[in-house]
Amino acid sequence: LPDLQDGPRPTVHTQQAYAPEDDFTAKWTRADARQLKRLSDPSAGSRENSMPASLTMPEVPQDFPDMSNDQVWVWDTWPLTDEHGNQYSINGQEVIFSLVADRSLGFDDRHVYAKIGYFFRPAGVPADQRPENGGWTYGGLVFPEGVTGKIFDDQSYSHQTQWSGSARVFKGGEIKLFFTDVAFYRDAQGHDVKPYDPRIALSVGKIHATGNGVKLTGFTEVQDLLQADGTYYQTGAQNPYFNFRDPFTFEDPAHPGETYMVFEGNSAMTRGAATCNEADLGYQEGDPYAETVDQVNASGATYQIANIGLAKAKNDDLTSWEFLPPILSANCVTDQTERPQFIFKDGKAYLFTITHRSTFGAGIDGPEGVYGFVGDGIRSDFQPLNGGSGLALGNPTNLNYLQGQPFAPDYNQHPGAFQAYSHYVMPGGLVQSFIDTIGTSDDFVRGGTLAPTVKVDIDGATTSVDYTYGDGGLGGWADVPANVNVTPGGHV
Ligand code: FRU
Ligand code: FRU
Ligand code: FRU
């Protein structure tokens, strides 16, 4: 890492583990998040990356291949996994699930039309021997029409969509698909008649994989698992723009036999009346760069109060769940800690989550990317990776310039600032993500397909990009490889 610019010291985090049921929530503090700016080179000029190369995804070229052969927009994507995050192929077929939308829509209109689709491809082929676009076949939508709308009491929704989640494989090819089932209630002008209604949900189906491809059956019913409670997790009544989504289930090595879930939430305060406190700021005693609580609370940063939730399964079917207190809050730091997930390595628990540059609170700045935290257990005093900043893998970004929007990137910004999002960390430190926008205002292309897979080395409280992987650090396009292969004879 480079010499740091002037700024506050990060908060001291012990990484100490607590029981999953304990009422301890780690804080990603403002003192921590302000390390991002300390890592940024204030002299980086127009269109240059101001962030350290070791934390930056290599630049993705504009002439990317489309994995769906022009059939659908593709963004958030997840593999078929077991309780340890291993990625499975079944009878020689790899399978992934993606949010997809019709290509007749503008890419930015996709969120209220999202549906879960799936892709498959033959397992065991090295990335450089596959077709350039990853060699996936689009299998179609997972759910029959109408299934995911049934759980909503109020059937007057204007849009009913399927948002991100995760897929677990069980004996006999059973798949438990955890996802976010969402209803929007909007008028003809697109204004909310009442707050949208996101629920963490489960649907069960089956995979049929042969040499000819993959078919899915089932997924004809949805069970409503969790709705935000207003105590730990903000509700639509508290803030119509609340975030509650993206379930990821796993087994905690410290509690074999139990299944937990992490998900995206917000701290359960009322929008407009939310406040942050000393612990959210996290400054060390006497730090000359410290802010006061009053300054921060007057700055508007109180609108950004993300958290990462924890829930525990109450039965083996994983159909009944209870909330536990959040494991991480980012009060007055960012409003979205999306698609959280755990990786367990060297006796440590690594919590990863994605956040946008635009969702950071006033006074905090950092690139679009995946952020990581390390602790001794799934509930810990998590230490943000890489000098306390939390940044694990960001887009090439120049924090000296505005970012613009994916549909209107800034002229002076690095062309890669929106190149990738929704990173998912896979076995071996491989990271997949989707392409959003590549380029600057005068010349940019929209994505809607998966980016090249990259690799990060995870070591203690640090990560660094492996530039020896693939071509200068860029691996295969849409490369989401299985690390466990199952056949009728068992695991291979
Ligand atoms: C920005 C965003 C996404 C989220 C969506 C919600 O594009 O905040 O992160 O999924 O909009 O509408
Ligand atoms: C991430 C995300 C997820 C959400 C989905 C909606 O890109 O914002 O949090 O489930 O996109 O499109
Ligand atoms: C910014 C903000 C964002 C949030 C959006 C909802 O003021 O709080 O963080 O996503 O507004 O309108």
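Tutor: Let's begin with one contact: aspartate 335 has a polar side-chain atom 3.3 Å from an oxygen atom of ligand 3. A polar contact here is a pair of N or O atoms within 3.5 Å. This is a predicted model, in which local features need pLDDT of at least 70, side-chain atom pairs count only at pLDDT 80 or more, and totals for chains, interfaces and linings use all residues. Residues are numbered from 1 along each chain as its sequence is written, chains are lettered from A and ligands numbered from 1 in the order in which they are written, and side-chain values use heavy atoms, leaving out hydrogens and water.

Student: How much of the area of ligand 3 does the protein bury?

Tutor: To answer that, take the accessible area, which comes from the Shrake-Rupley method with a 1.4 Å probe. Ligand 3 taken alone exposes 310 Å², and the protein buries 62% of that.

Student: Which residues surround ligand 3?

Tutor: A residue is near a molecule if one of its heavy atoms lies within 4 Å of it. Around ligand 3 we find Tyr241, Arg271, Tyr303, Gln304 and Asp335. Glutamine 304 brings an N or O atom of its side chain to 2.9 Å from a ligand 3 oxygen, and for a polar side-chain atom of arginine 271 the distance to an oxygen of this ligand is 3.4 Å.

Student: How do I sort a shell like that by class?

Tutor: Count Ala, Val, Leu, Ile, Met, Phe, Trp, Tyr, Cys and Pro as nonpolar, Asp, Glu, Lys and Arg as charged, and the others, Gly among them, as polar. The ligand 3 shell then has two nonpolar, one polar and two charged residues.

Student: Now the empty spaces, please. How are they found?

Tutor: Rolling a probe the size of a water molecule over the atoms shows where empty space is left. On a 1 Å grid over the protein atoms alone, a cavity is a set of points where a 1.4 Å probe fits but cannot get out, while a pocket is an open set with protein on both sides within 12 Å along at least five of seven lines; lining residues have an atom within 4 Å of a point. The largest pocket holds about 1,200 Å³ of space (a volume being the space filled by probe spheres set on the grid points, which are joined across faces, edges and corners). Its lining has 40 residues, with His111, Arg245, Gln336, Glu338 and His356 nearest the centre. By class, that lining has 15 nonpolar, 11 polar and 14 charged residues.

Student: What does ligand 2 touch?

Tutor: A polar side-chain atom of aspartate 246 is 2.6 Å from one of its oxygens. On its own, ligand 2 has 320 Å² of accessible area, and the protein covers 96% of it.

Student: And which residues surround ligand 1?

Tutor: They are His111, Trp163, Arg245, Gln336, Glu338 and His356. Oxygen atoms of ligand 1 lie 2.8 Å from a side-chain N or O atom of glutamine 336 and 3.1 Å from one of glutamate 338. A polar side-chain atom of histidine 356 is 3.2 Å from a ligand 1 oxygen. Of the 310 Å² of accessible area that ligand 1 has on its own, the protein covers 60%.

Student: How many cavities of 30 Å³ or more are there?

Tutor: The search finds two. The largest cavity has a volume of about 60 Å³, and its lining includes Ser164 and Asp246. The second largest cavity has about 40 Å³, with Trp136 and Val480 among its lining residues.

Student: Which strand gives the most to the lining of the second largest cavity?

Tutor: Strands are DSSP runs (E, at least two residues), numbered from the N terminus. E5 gives the most there, with three residues. By class, this lining divides into nine nonpolar, one polar and one charged.

How values were computed
Polar contact = N/O pair within 3.5 Å; in protein donor to acceptor, adjacent residues only side chain to side chain. Helix = DSSP H or I, 4+ residues; strand = E, 2+ residues; numbered from the N terminus.
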